[in-house]
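Please keep it in view while reading.

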Amino acid sequence: MGRAPPAGLGRDRGQTMSAAAGTPTDRLMVARIVGFAAVVPLALLAAPVLARQLTLDRGLSPAQVGVYFLFELGGISLASFPAAWALRRFAAGRVALIAGNVASLGAPSYGALLALRLLSALAGGVLMVLSMKGAGASADRDRLFGYWVCGQLVVGALALALLPSLFARLGLGAFFAVLALAMTALLPLAPGFATAETREDQPAARASGAGNGILFPAVAMAGVMGFYVGLGGCWAYAALIAGQAGLDAQAVANRLAMASLVGIAGAGCAAGLGGRVVRGRALLVGYGLLVFAVLFLLGQPSMARFTLAAGLFKFGWTFALPFILSAVAHRDRTGSMMAATNLVIGTGNALGPLAAGWIMQTAGAGTMLLFCAGLIAVSLGLVLLVEGGRLSPSVLGMPITDRSFSSLLNCVSPLKKDWH
């Protein structure tokens with residue numbers, strides 16, 4: 001008897017998400033996945049203008065801005081641990097999503113601001129994990145991950161276009177007010193994740209063969225980590241690099257918003273090509289554009305060079321990402337790797353600005369850009385190893401099962417019924 005397909009892959013590959021989304025329930029699930037995936041990481045999507053406003057309003061150094069993003073984005077990844085279970089167990093998660101953002105409006109000190117951002121990020125991260133798992137379990141995950149990224153880009157483009165003017169009128173508090181309003185609008189969709197999780201837990205969906213082993217997950221997670229640290233570090237300080245080159249701040253914000261629109265085209269291409277292109281070739285194209293764009297920012301970029309680099313950066317980022325996530329999900333035989341991906345993405349998002357800010361402050365923007373480009377290149381090699389399936393399931397001839405790895409990840413992501 002042949003081995004059962006991986007979780008979420010039991011349907012025919014040709015059945016697309018658009019065809020599957022014919023019922024109101026399916027359309028709501030797509031809206032749930034895309035909506036929360038777009039709003040929860042808004043700090044990353046708006047990082048260039050947010051980093052600048054943190055410097056202006058709070059007088060933070062680049063290193064302190066990096067610490068801010070460590071709390072803001074790292075809290076999303078911490079939602080994979082039992083601490084998030086405690087928040088959800090006592091029904092505080094939904095309150096924290098709103099209250100944390102509202103309270104941030106009047107944070108009296110830098111330390112208080114960090115604590116409030118961590119609280120809000122922990123609660124939002126729970127929903128981000130559920131969004132990741134829902135997309136990874138789809139029979140047409142290439143396409144759904146494309147929609148997933150498109151949603152982020154639309155929200156990111158709007159944020160980059162609108163936040164500078166809102167900051168000019170309301171200051172840093174405009175960011176927290178926008179987040180509170182967006183979360184309030186989306187929260188009615190959250191309980192539907194519980195139903196999807198229940199369906200995913202059926203025995204047939206878990207009859208997935210021997211499992212992942214430990215080598216594939218380790219390499220896959222290292223590849224995702226390198227990708228997010230490299231691009232997050234460069235993206236967070238793009239506006240500061242432009243400022244150091246003497247470029248106008250509002251013009252730079254407009255170019256970054258335009259780049260996000262170009263990024264929508266990248267994700268749209270990925271969604272359209274999903275299932276019809278060799279994934280390895282798509283990864284080479286996306287990663288190649290990313291590395292070129294980062295290196296193109298070296299020196300003192302003119303506005304034309306900055307605009308081109310930003311556009312290529314966003315296109316490469318959003319074109320490669322759906323294929324990266326799909327490559328990981330394709331090798332995920334137990335569902336545990338997608339649960340871990342949220343932890344890795346959040347950690348990478350947090351470490352990227354932190355590491356890049358420290359390097360930029362101590363060694364300059366040029367060294368920081370070389371660091372980011374190198375990490376992105378290393379990530380490409382690791383993801384191609386996973387995609388090609390060239391890793392041995394044993395080390396030094398000793399077989400390694402996935403039992404301990406899966407048990408650990410199932411322990412740190414008990415995300416099942418608490419958002420009812």
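The text below treats a helix pair, a pocket and an aromatic pair.

The model is predicted: local features need pLDDT of at least 70, side-chain atom pairs count only at pLDDT 80 or more, and totals for chains, interfaces and linings use all residues. Residues are numbered from 1 along each chain as its sequence is written, and side-chain values use heavy atoms, with hydrogens and water left out.

Helices are DSSP runs (H or I, at least four residues), numbered from the N terminus. The axes of H15 (residues 249-273) and H17 (residues 303-330) come within 7 Å and cross at roughly 30°. H15 and H17 are therefore roughly parallel to each other (angles under 35 degrees count as such). Their crossing is right-handed, that is, the near helix is turned clockwise from the far one by less than a right angle.

The lining is set out by class here.

| Class | Residues in the lining |
|---|---|
| Nonpolar | 15 residues |
| Polar | four residues |

Ala, Val, Leu, Ile, Met, Phe, Trp, Tyr, Cys and Pro count as nonpolar, Asp, Glu, Lys and Arg as charged, and the others as polar.

The structure holds 11 aromatic pairs (ring centres within 6.5 Å). One of them, Phe-145 with Trp-148, is edge-to-face, at 6.0 Å centre to centre and 85° between the planes (over 60 degrees counts as edge-to-face). Phe-145 and Trp-148 are three residues apart in H9, and so are separated by about one helical turn.

Methods. Axes fitted to C-alpha atoms, helices over the stretch in contact; angles between N-to-C directions. Helix = DSSP H or I, 4+ residues; strand = E, 2+ residues; numbered from the N terminus. Parallel < 35°, antiparallel > 145°, perpendicular 65-115°, else oblique. Phe/Tyr/Trp six-rings, centres within 6.5 Å; stacked < 30°, edge-to-face > 60°.
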